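Hello,

Here is the structure I promised to pass on to you. Have a look through it first, and then read my notes below.

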Amino acid sequence: MSDLRRIDPGPRLCEATVYGDRMYLSGMIPEDTAQDITGQVKQALAEIDSLLVKGGSDKTKILSAVIWLSDIGDFAAMNKVWDTWVVPGQTPARATVQARLNDPAMKIEIMVVAAL
């Protein structure tokens, strides 16, 4: 497994791993949970962009995304931000569900898998 690379490893998890021709990101969350859903989505997507660059990929190579919303009522607002972020014609497979997140102020968490 010499071609396994961990990006920003910590004591509990790493932000991303690269193995073979795939990159696996941990769930990306907003740093500033005082922001509304729009601000929190933008933060999570910026984290994804940053990690993809570190791993040698970009958002046009995202294969799949899983989005957890603390309130499914934020679905339309989240999609508005998502739709301006993704590249037309390069959208990934995606699932969005409502879930209780570990911080009650957190509105979103996004995990992606990307090709290199």
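**Salt bridges**

The count of salt bridges comes to two. Please keep in mind that this is a predicted model.

Asp21 has a relative accessible area of 48%, which is partly exposed, and Arg22 is partly exposed at 31%.

**A buried residue**

Next, take a look at Ile67, which sits in strand β4 (residues 62-69). Ile67 counts as buried because its relative accessibility is 0%, and the cut-off for buried is under 20%. Leaving aside neighbours within four places in sequence, Ile67 is in contact with several residues, among them Met78, Trp82, Ala95 and Ile108. From Ile67 to Ala95 the C-alpha distance is 6.2 Å, although the two are 28 residues apart in sequence.

**The cavity**

How many cavities of 30 Å³ or more are there? The count comes to one. The largest cavity has a volume of about 30 Å³, and its lining is made up of Lys59, Ile62, Trp85, Val86, Val87, Gln90 and Pro92. Those lining residues divide into five nonpolar, one polar and one charged.

Enjoy exploring!

Best wishes

Notes:
Residues are numbered from 1 along each chain as its sequence is written. This is a predicted model: local features need pLDDT of at least 70, side-chain atom pairs count only at pLDDT 80 or more; totals for chains, interfaces and linings use all residues. Side-chain values use heavy atoms; hydrogens and water are left out. Helices (H or I, at least four residues) and strands (E, at least two) are DSSP runs, numbered from the N terminus. Buried means under 20% relative accessible area, exposed over 50%, partly exposed in between (1.4 Å probe, protein chains only). Contact means heavy atoms within 4.5 Å. On a 1 Å grid over the protein atoms alone, a cavity is a set of points where a 1.4 Å probe fits but cannot get out, and a pocket is an open set with protein on both sides within 12 Å along at least five of seven lines; lining residues have an atom within 4 Å of a point. Grid points are joined across faces, edges and corners, and a volume is the space filled by probe spheres set on the points. Ala, Val, Leu, Ile, Met, Phe, Trp, Tyr, Cys and Pro count as nonpolar, Asp, Glu, Lys and Arg as charged, and the others, Gly among them, as polar. A salt bridge is a side-chain nitrogen of Lys or Arg within 4 Å of a carboxyl oxygen of Asp or Glu.
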